[in-house]
Amino acid sequence: MGDRFCITLLEAAEMNGFTNSEMRVLVDRHASIAANVNGAWRIDPDALNSVLSANDSYLQAA
């Protein structure tokens, strides 16, 4: 895993202007951006930025 998954879900949410719930939606829809480590989600900021820059509709309702 190394340094890829280096920020918490809440940190990622705050850095990108999302709520905790919105970040959980992103993790559910884009599993590659996160890893569950001992029950806590850790986010790969590079993968998150890639998802956010590639999708304008990343939070639309299913």
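1. Which residues of helix 3 are buried? They are Ala47, Leu48, Val51 and Leu52, in a helix that spans residues 45-54. Buried means under 20% relative accessible area, exposed means over 50%, and partly exposed is in between, with a 1.4 Å probe and protein chains only. Helices (H or I, at least four residues) and strands (E, at least two) are DSSP runs, numbered from the N terminus.

2. A word on the source. This is a predicted model, in which local features need pLDDT of at least 70 and side-chain atom pairs count only at pLDDT 80 or more, while totals for chains, interfaces and linings use all residues. Residues are numbered from 1 along each chain as its sequence is written, and side-chain values use heavy atoms, with hydrogens and water left out.

3. Back to helix 3. The arc is taken from the directions from the helix axis to the C-beta atoms. Asp46, Ser53 and Ala54 are exposed on the other side. The buried residues pack against helix 1 (9-16), helix 2 (20-29) and strand 3 (40-43). Contact here means heavy atoms within 4.5 Å.

4. Helix 1 can be read in a similar way. Leu9, Ala12 and Ala13 are buried in helix 1. They cover an arc of only 100 degrees around the axis, which puts them on the same side of helix 1. Glu14 and Met15 are exposed on the other side. The cover over the buried residues of helix 1 includes strand 1, helix 2, strand 3 and helix 3.

5. What follows helix 1? Gly17 does, and its phi is positive, near 75 degrees. Thr19 sits in the loop between helix 1 and helix 2. At 43% relative accessibility, Thr19 counts as partly exposed. Thr19 and Leu9 are 10 residues apart in sequence, and their C-alpha atoms are 9.7 Å apart in space.

6. Now the core. The largest nonpolar core has 15 residues. Met23, Leu26, Ile33, Ile43 and Leu48 have the most contacts inside it. Helix 1, helix 2 and helix 3 each supply at least two residues of this core. The largest share, four residues, comes from helix 3. By definition, a nonpolar core is a set of buried Ala, Val, Leu, Ile, Met, Phe, Trp, Tyr and Cys residues joined through side-chain atoms within 4.5 Å. In soluble globular proteins, nonpolar side chains tend to be buried together.

7. Leu48 deserves a look in the viewer. Leaving aside neighbours within four places in sequence, Leu48 is in contact with Ala12, Asn16, Met23, Leu26, Ile33 and Ile43.

8. Two strands pair if DSSP finds at least two bridges between them. Strand 2 and strand 3 run antiparallel and are joined by four bridges. Ala34 has Ile43 in strand 3 as its bridge partner.

9. Check the loop between strand 2 and strand 3, where Asn38 is found. Asn38 has a positive phi of about 55 degrees although it is not a glycine. At 81% relative accessibility, Asn38 counts as exposed.

10. Is Asp44 buried or exposed? At 6% relative accessibility, Asp44 counts as buried. Asp44 lies in the loop between strand 3 and helix 3. Asp44 caps the N-terminal end of helix 3, with a side-chain oxygen 3.0 Å from the backbone nitrogen of Asp46. The rule for such a polar contact is a pair of N or O atoms within 3.5 Å; within protein, one must be able to donate a hydrogen and the other to accept it, and residues adjacent in sequence count only if both atoms are side-chain atoms. Not counting residues up to four places away in sequence, Asp44 touches Arg4, Phe5 and Ile33.

11. Which residue forms a salt bridge with Asp44? Arg4 does, with the closest N and O atoms 3.1 Å apart. The pair links distant parts of the chain, 40 residues apart: Arg4 is in the segment before strand 1, and Asp44 is in the loop between strand 3 and helix 3. At 47% relative accessibility, Arg4 counts as partly exposed. A salt bridge is a side-chain nitrogen of Lys or Arg within 4 Å of a carboxyl oxygen of Asp or Glu. The count by this rule is one salt bridge.
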